[in-house]
Amino acid sequence: MTRHMDGIEFFSPVKINAGSGALEHLPAELESLGARRPILCSISGPAAGRRLKTVVQAFSASQMAPAVSDSLPLQPTESDIDALVRLCRIRDRDAVVAVGGGPPAAAAAAAAFRLSEGKKR
């Protein structure tokens with residue numbers, strides 16, 4: 001994050017890996033960014049739970065043990081983002097990974113921004 005006289009510039013690169021072996025490379029990708037303690041965030045529900053389980057399994061061969069937040073609603077509110085930020089701080093997480101698009105991606109980006117600000121909520 002860069003602070004300017006007239007505001008804040010937040011740089012949050014997005015990298016998409018797809019295809020055979022993409023999930024197995026996720027721990028290495030996070031490590032290349034300096035992350036060691038990720039949190040995976042997902043909406044609740046059976047389909048989301050299956051996706052989340054698959055992503056968690058991708059970490060089994062790594063030294064990383066991701067935390068999981070699997071209770072995001074379909075329309076996350078400010079208080080949902082606040083709860084995710086608190087969980088990241090309590091569990092000392094250094095990366096937020098969305099499992100799924102839409103609500104998880106928006107919540108992960110918002111949480112990462114708030115965490116980068118260093119504000120206590």
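User: I'm new to this one. Which residues have the most contacts inside the largest nonpolar core?

Analyst: Start with a general idea: in soluble globular proteins, nonpolar side chains tend to be buried together. In this predicted model, the largest nonpolar core has 13 residues, and Ile39, Cys41, Leu72, Leu84 and Ala107 have the most contacts inside it.

User: Which elements give two or more residues to this core?

Analyst: Look at strands E3 (38-43) and E4 (67-72), plus helices H3 (78-90) and H4 (103-117). H3 gives the most, with 4 residues.

User: Let me zoom in on Leu72. What does it touch, leaving out residues up to four places away in sequence?

Analyst: Leu72 touches Cys41, Ser42, Ile43 and Ser44, and also Pro104 and Ala107. Another core, of 11 residues, lies apart from the largest one; Leu40, Val55, Ala95 and Val97 are among its members.

User: Now helices. How do I read which way residues point?

Analyst: An α-helix has 3.6 residues a turn, so residues three or four places apart point the same way.

User: Which residues of H2 are buried?

Analyst: Ala48, Leu52 and Val55 are buried. Down the axis of H2, the buried residues fall within an arc of 60 degrees, so they line one face of the helix.

User: And what covers them, and what sits on the face turned away?

Analyst: The cover includes helix H1 (26-32), E3 and E4. The face turned away from the buried side of H2 carries the exposed residues Pro46, Arg50 and Lys53.

Conventions. Residues numbered from 1 in each chain as written. Predicted model: local features only at pLDDT ≥ 70, side-chain atom pairs only at ≥ 80, totals over all residues. Heavy atoms only, no water. Core = buried A, V, L, I, M, F, W, Y, C linked by side-chain atoms within 4.5 Å. Buried < 20%, exposed > 50% of the residue type's maximum accessible area, 1.4 Å probe, protein only. Contact = heavy atoms within 4.5 Å. Arc of directions from axis to C-beta.
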